[in-house]
Amino acid sequence: MPSTVTAPPVVPEQPSAGPGGSALDRLFKISERGSTIGREVRGGFATFFAMAYIIVLNPIILGSAQDMYGHQLDGGELVTATVLSAAFTTLLMGVIGNVPIALAAGLGVNTVVALQLAPRMSWADAMGMVVIAGFIVMLLVATGLRERVMNAVPVGLRKGIAIGIGLFIMLIGLVDSGFVSRIPDAAHTTVPLQLGQDGHLGGWPVLIFAVGTLLTLALIVRKVPGAILISIVAMTVVAMVVNSVADIPSWGLTNPTWPGNPVATPDFGLIGQVSPFGGFEKVGLLTGSLFVFTVLLSCFFDAMGTILGVGDEAKLMDKDGNLPGINRVLLVDGFAVATGGVTSSSATTCYVESTAGVGEGARTGLASVVTGGLFTVALFLTPLATMVPSQAATPALVAVGFLILAGSVKDIDWGDFTIAVPAFLAMVMMPFTYSITNGIGIGFIAFSVLRLAAGRGREVPAAMYVVSGVFVFYYAMPALGLT
């Protein structure tokens, strides 16, 4: 990336490189990767605040659904399950994977669990299928198949995936902040999004987001250490002040108000409430296998895109565009999927919001340890962790989205349409369909078809053909009556 845009902020602390460095430095290879402990800590905080919304959102999604017996999951237990799985798996990723990637309940997958699985079985059965999907992911890692698929993706398409993730997280930031919103179907318009809530910008929350975005970008341009974290904290304080003096109808999922007693006792009632094979008894082997396949596909490729995107943005890739030690990262990710099922928080997966920490200069697993530690603290301080409004945290996603695009777009060979078109489709389909998996699938299929059309079919790795075929089947499932 151009140094004027993406160079890590100049910070006063100096890395303790070499054999004389601290044990912490040697353990996480902090100096070797050109980072500092200060950057890693700030990155861990930034990532936590960028994704802390999941503490509120995941219980809302899962808690609003009923299983086939009419049972609903308890909100307090869901908060504990969500935070516990995020804390444990993010700490594992930091220590074992040594990458600045945090994990939590996957958006999209939790909707599948709540709306497709649970209504046809018990909650324990649904979470059991998530556990099975996690074990299959780990099996694919152990056999080397998952790494083979990732390594088969050409560099240009990887860059397109990274850009798509950048555009996707930017759109997430715009939507979650209320800066743009969905136009209701009743409007009878083909335009899906609009500015603000009614076609115009208005209200204090949107102003907080707009000012926060400008503040974040201004601090990045000036290379201020801790730019993203400073903006999140500053705008949270401003939001609290505004909320105390103005009548705000709604801030969204979280309100910037002091919670009174910030301590809450965690409720572990859902932990271990899982039935691995009960779902197959309810829906049959074929339908149950398709349910597992749906969860597996989403977890597999969402995480793949995030790992490639974050690894590329953090400059962790080798000269061939591969992430060293990726098997450890993939193994933790697979274990995290199963962990989400065991805790009843739905599948846990890598979070694209980790780029907020990378934007602060995070390059190692120490940042993930910090994020995981904050989630651990949040087990007992959930009211405090959920007081940061999305309008204060989402400017980080907009800024990081731009940085990812700026650093990757120049590395795509736009003159070779067999790579440029798939890269383009991958990058636009992620935000347009609100799914990383869809962007990857469409990009893979286009790459395989266009290389064949150009008489260059032998240049396509066999793994790409296989995965493209899997995606074709996945997209054809509704038409075949298999969903």
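Reader: Hi! Which residues in H6 meet which ones in H7?

Author: Hello! In this predicted model, Val113, Ala114 and Leu117 are the H6 residues, and they meet Trp123, Ala126, Met127, Met129 and Val130 in H7. By class, that contact has 8 nonpolar residues, with no polar and no charged ones.

Reader: Nice. At what angle do the axes of those two helices cross?

Author: The axes of H6 (residues 109-117) and H7 (residues 123-142) cross at roughly 135 degrees and come within 10 Å. Angles over 145 degrees would count as roughly antiparallel, and H6 and H7 are therefore oblique to each other.

Reader: And is the crossing left-handed or right-handed?

Author: H6 passes H7 in a right-handed crossing.

Reader: Let's switch to H10 and H11. How do they pack?

Author: H10 (residues 204-221) packs against H11 (residues 227-245) at an angle of about 155 degrees, and their axes are 9 Å apart. That makes H10 roughly antiparallel to H11. Their crossing is right-handed.

Reader: Which residues make that contact?

Author: From H10 there are Trp204, Ile208, Val211, Gly212, Leu215, Thr216, Leu219 and Ile220. H11 brings Ala227, Ile228, Ile230, Ser231, Ala234, Met235, Val238, Ala239 and Val242. They divide into 14 nonpolar, 3 polar and no charged residues.

Reader: What about H8 and H22, what is the angle there?

Author: About 100 degrees, with the axes of H8 and H22 (residues 462-476) 8 Å apart. H8 and H22 are therefore roughly perpendicular to each other.

Reader: Who meets whom in that pair?

Author: Arg148, Val149 and Ala152 in H8 meet Ala463, Met464 and Val467 in H22. This contact has 5 nonpolar residues, no polar ones and 1 charged.

Reader: New topic: how many residues of H14 are buried?

Author: 12 of its 17 residues are buried, so H14 is largely enclosed by the rest of the structure. Among them are Ile326, Val329, Leu330, Val332 and Asp333, as well as Gly340 and Gly341.

Reader: What covers those buried residues?

Author: The cover of the buried H14 residues includes the helices H5 (75-97), H7, H8 (145-152) and H13 (285-313), along with strands S1 (103-105) and S4 (348-350).

Reader: How far apart are the end C-alpha atoms of H14?

Author: They are 25 Å apart, which agrees with the 24 Å that the 17 residues of H14 (residues 326-342) should span at 1.5 Å a residue.

Reader: Which residue just after H14 takes a positive phi?

Author: That one is Ser344, with a phi of about 65 degrees.

Definitions and conventions. Residues numbered from 1 in each chain as written. Predicted model: local features only at pLDDT ≥ 70, side-chain atom pairs only at ≥ 80, totals over all residues. Heavy atoms only, no water. Axes fitted to C-alpha atoms, helices over the stretch in contact; angles between N-to-C directions. Helix = DSSP H or I, 4+ residues; strand = E, 2+ residues; numbered from the N terminus. Parallel < 35°, antiparallel > 145°, perpendicular 65-115°, else oblique. Left-handed = near helix turned anticlockwise from the far one by under 90°. Contact = heavy atoms within 4.5 Å. Nonpolar A, V, L, I, M, F, W, Y, C, P; charged D, E, K, R; others polar. Expected span 1.5 Å × (residues − 1). Buried < 20%, exposed > 50% of the residue type's maximum accessible area, 1.4 Å probe, protein only.
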